[in-house]
Amino acid sequence: MKKASSAIRFGLVTSVMLIAYFLILSLFNKHTNPVFSFFNAAITAFGIWEAVRLSKLEQQQKFSYSEGFRTGVVTGFTATLLFTLFFLVYTTELNVAFLPELLKTISGGFNASIGMVIFIVAIMGVATTVIATLTTMQFFKNSRNIPQNN
């Protein structure tokens, strides 16, 4: 359970960072511009990086690729779930004018419902999690090709 609690803890911190970034953007009325959501990937990747790094430091020789991958996925999924729930509450309760503003900014003539937008936010988070975890594990995996200096 200790292994999972570390990943969940990093997921909580990552989600707080994502929410804070979104709220800072909303202060400057930039949260309706989808371009700024690209920085969400950097925040998520940093949270995953730190979670896997700590996991490797704690386990040292027992650290495996599957353990690091699990840590990264749990961290990212936790952050994605919490940010998606926040986004749902923000869009439906705190700022009901947000969705029409966002769809107007995209200007693609979309007539998307709140369910579709929340689904897209969740899918983007899951995709970012998987890609960031795979990328992070390339740096932290133990190579079997050359001797390691741990």
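Predicted model: local features only at pLDDT ≥ 70, side-chain atom pairs only at ≥ 80, totals over all residues.
User: Which pattern does the protein follow when read along the sequence?
Analyst: The protein has five helices and zero strands, and of its 150 residues 38% count as buried. Among contacts between residues at least 6 apart in sequence, 77% join residues at least 24 apart. Read from one end of the sequence to the other, the elements give the pattern α-α-α-α-α.

User: What span does helix α2 reach from its first C-alpha to its last?
Analyst: Helix α2 covers residues 38–59, which is 22 residues. At 1.5 Å a residue the expected span is 32 Å, and the helix comes close to that expectation. After α2 comes Gln60, whose phi is positive, near 45°. From first C-alpha to last, α2 reaches 32 Å.

User: How are α2 and α5 oriented: roughly parallel, roughly antiparallel, roughly perpendicular or oblique?
Analyst: Helix α5 spans residues 114–140, and its axis lies 9 Å from that of α2, at an angle of about 40°. Angles under 35 degrees would count as roughly parallel and those from 65 to 115 as roughly perpendicular, and the crossing of this pair is right-handed. The two helices are therefore oblique to each other.

User: How many nonpolar, polar and charged residues does the contact of α2 with α5 have?
Analyst: On the α2 side the contact is made by Ala41, Thr44, Ala45, Ile48, Trp49, Val52, Arg53 and Lys56. On the α5 side the contributors are Thr128, Thr129, Ala132, Thr133, Thr136, Met137, Phe139 and Phe140. Sorted by class, this contact has nine nonpolar, five polar and two charged residues.

User: Why is α3 described as roughly antiparallel to α5, and at what angle do they pack?
Analyst: Helix α3, residues 65–94, packs against α5 with the axes 9 Å apart, and α3 passes α5 in a right-handed crossing. By class, their contact has 15 nonpolar, 11 polar and no charged residues. The label roughly antiparallel applies because angles over 145 degrees fall in that class, and the angle between α3 and α5 is about 155°.

User: Which residues of α3 make the contact with α2?
Analyst: α2 and α3 pack at an angle of about 140° with their axes 9 Å apart, and α2 passes α3 in a right-handed crossing. By class, the contact of α2 with α3 has four nonpolar, nine polar and one charged residues. From α2 it draws on Asn40, Gly47, Ile48, Ala51, Val52, Ser55 and Gln59, while from α3 the residues are Glu67, Gly68, Thr71, Gly72, Thr75, Gly76 and Phe83.

User: Is Ile19 buried or exposed?
Analyst: Ile19 is found in helix α1, which runs over residues 2–27. Its relative accessibility is 19%, and the buried class takes values under 20%. Ile19 therefore counts as buried.

User: Leaving aside its neighbours within four places in sequence, which residues is Ile19 in contact with?
Analyst: The C-alpha atoms of Ile19 and Thr84 are separated by 9.6 Å, although the two residues are 65 residues apart along the chain. Once the neighbours within four places in sequence are left aside, the residues in contact with Ile19 are Phe83 and Phe86.

Conventions: Residues numbered from 1 in each chain as written. Heavy atoms only, no water. Axes fitted to C-alpha atoms, helices over the stretch in contact; angles between N-to-C directions. Helix = DSSP H or I, 4+ residues; strand = E, 2+ residues; numbered from the N terminus. Left-handed = near helix turned anticlockwise from the far one by under 90°. Contact = heavy atoms within 4.5 Å. Nonpolar A, V, L, I, M, F, W, Y, C, P; charged D, E, K, R; others polar. Expected span 1.5 Å × (residues − 1). Buried < 20%, exposed > 50% of the residue type's maximum accessible area, 1.4 Å probe, protein only.
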